[in-house]
Amino acid sequence: MDAIPVFELQTVSHSYGGVQALSEVNLTVCAGEHVALIGPSGAGKSTLIGLLNGSIAPTQGTARALGHTLASMGLRERRAVQRRIGTIYQQYALVENLQVVHNVNAGNLGRWSLLRALISLFWPLDIERATDALDQVGIAEKLYARTGTLSGGQQQRVALARVLVQAPQAILADEPIASLDPERGREIIALLLDLVAQRGTTLVVSLHAVDVALACFPRVVGLRDGRIVFDCPSAQVAPTQIEELYRTHRIGIGDVA
Ligand code: ADP
């Protein structure tokens with residue numbers, strides 16, 4: 001059976017005004033794949049994640065997600081596709097003043113009516129689903145805790161639980177462990193990989209921790225200066241490729257640091 005593409009970028013470029021963030025990127029991620037994006041700061045990882053979930057439109061080229069060209073869809077249809085893609089961010093994107101249950105239930109917002117969402121702010125609905133999701137990320141006892149009182153690792157678990165409630169076909173994570181110490185970071189990645197493996201969910205994660213990317217992900221994509229410089233099984237990535245990827249820009253006549 002042919003692999004089904006979940007994300008496809010075809011000669012995609014993106015610029016922010018005069019800043020060229022990505023140049024002619026080609027990338028296909030198939031159903032059930034787990035891919036790590038690595039590269040120095042400014043390489044274009046966040047922009048690439050934004051192109052995959054449709055929060056950023058290509059300046060040139062075609063970006064397809066779940067079989068749809070998001071940039072050419074109407075808002076309603078685009079939102080319907082985007083609901084099937086969960087995104088996790090470095091800074092968790094949680095409302096710290098709310099109880100954990102409300103942040104987890106935010107994963108339901110694409111499905112719930114406005115009225116149901118408003119009622120749930122006062123009388124939390126679907127407690128069972130929220131508890132189950134928190135149980136799966138190991139913090140079921142935090143259901144009614146105020147989110148801001150949780151540690152960084154616990155808050156990222158809440159963000160994972162919110163995505164589980166959303167039940168997406170694909171999960172994107174933009175530097176999800178950059179704010180955590182290395183041990184907590186590894187725990188979060190192991191948990192995320194375990195959860196997606198159970199569900200057959202496609203996963204694309206940008207990481208600054210190269211060791212985690214190489215040790216935990218079967219496929220690694222290296223980005224530098226807005227271009228993909230390698231895309232291969234992690235076992236095939238040579239140390240020299242990593243050195244080259246993170247090599248600091250040479251400063252000389254005509255070069256820019
Ligand atoms: P990474 O995630 O690898 O650090 P980014 O995708 O955030 O890379 O950034 C790629 C390039 O685009 C960088 O040069 C960055 O400065 C630039 N950039 C990112 N976001 C914006 C923005 N909103 N406005 C202008 N330039 C941006």
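**Figure 1. Surroundings of Val137 in the predicted model.** Val137 touches Arg157, Leu160, Ala161, Leu164, Leu191 and Leu195, where residues up to four places away in sequence are not counted; contact means heavy atoms within 4.5 Å. Together with Val104 and Leu207, Val137 has the most contacts inside the largest nonpolar core, a set of 47 residues. A nonpolar core is a set of buried Ala, Val, Leu, Ile, Met, Phe, Trp, Tyr and Cys residues joined through side-chain atoms within 4.5 Å. Buried stands for under 20% relative accessible area, exposed for over 50%, and partly exposed for values in between, with a 1.4 Å probe and protein chains only. Another core, of 27 residues, lies apart from the largest one and includes Val35, Ala63, Ala65 and Ile85. The model is a predicted one, in which local features need pLDDT of at least 70 and side-chain atom pairs count only at pLDDT 80 or more, while totals for chains, interfaces and linings use all residues. Residues are numbered from 1 along each chain as its sequence is written, and side-chain values use heavy atoms, with hydrogens and water left out.

Figure 2. Helices (H or I, at least four residues) and strands (E, at least two) are DSSP runs, numbered from the N terminus; two strands pair if DSSP finds at least two bridges between them. Strand E1 (residues 5-16) and strand E4 (residues 60-65) run antiparallel and are joined by 5 bridges. Within this pair, Ala63 of E4 stands opposite Leu9.

**Figure 3. Leu66 in the loop between E4 and E5.** Leu66 lies in the loop that links these strands. Its phi is positive, near 50°, in a residue other than glycine. Leu66 counts as buried because its relative accessibility is 13%.

**Figure 4. Helix H6 and the residue that follows.** Helix H6 (residues 152-166) has 15 residues, which at 1.5 Å a residue should span 21 Å; the end C-alpha atoms are 21 Å apart, in agreement. The expected span of a helix is 1.5 Å times one less than its number of residues. H6 is mostly covered, with 13 of its 15 residues buried. Ala167 follows H6 and has a positive phi, near 50°.

**Figure 5. Helix H7 from start to end.** The 18 residues of helix H7 (residues 182-199) should span 26 Å at 1.5 Å a residue, and this agrees with the 26 Å between its end C-alpha atoms. At the start of H7, the backbone nitrogen of Glu183 has a side-chain oxygen of Asp181 within 3.1 Å. The buried residues of H7 are Gly185, Ile188, Ile189, Leu191, Leu192, Leu193, Leu195 and Val196. After H7 comes Gly200, with a positive phi near 70°.

**Figure 6. His34 in strand E3.** His34 is found in strand E3 (residues 34-38) and, at 14% relative accessibility, counts as buried. Not counting residues up to four places away in sequence, His34 touches Leu193, Val196, Ala197, Thr201, Leu203, Phe217, Pro218 and Arg219. A polar atom of the His34 side chain lies 3.4 Å from the backbone oxygen of Thr201. Leu22 is 12 residues from His34 along the chain, and the C-alpha atoms of the two are separated by 22 Å.

Figure 7. In strand E9 (residues 219-224), 6 of 6 residues are buried. Arg219, Val221 and Leu223 lie on one side and Val220, Gly222 and Arg224 on the other, so that both faces are covered. E3 and E9 run parallel and are joined by 4 bridges, with Ala36 opposite Val220 of E9. E9 also pairs with strand E10 (residues 227-233) in the antiparallel sense, over 6 bridges. Phe230 in E10 is the bridge partner of Gly222. E9 and E10 form a hairpin with 2 residues between them. Asp225, in the loop between E9 and E10, has a positive phi of about 50° although it is not a glycine. Asp225 counts as partly exposed, at 46% relative accessibility.

Conventions: A polar contact is a pair of N or O atoms within 3.5 Å; within protein, one must be able to donate a hydrogen and the other to accept it, and residues adjacent in sequence count only if both atoms are side-chain atoms.
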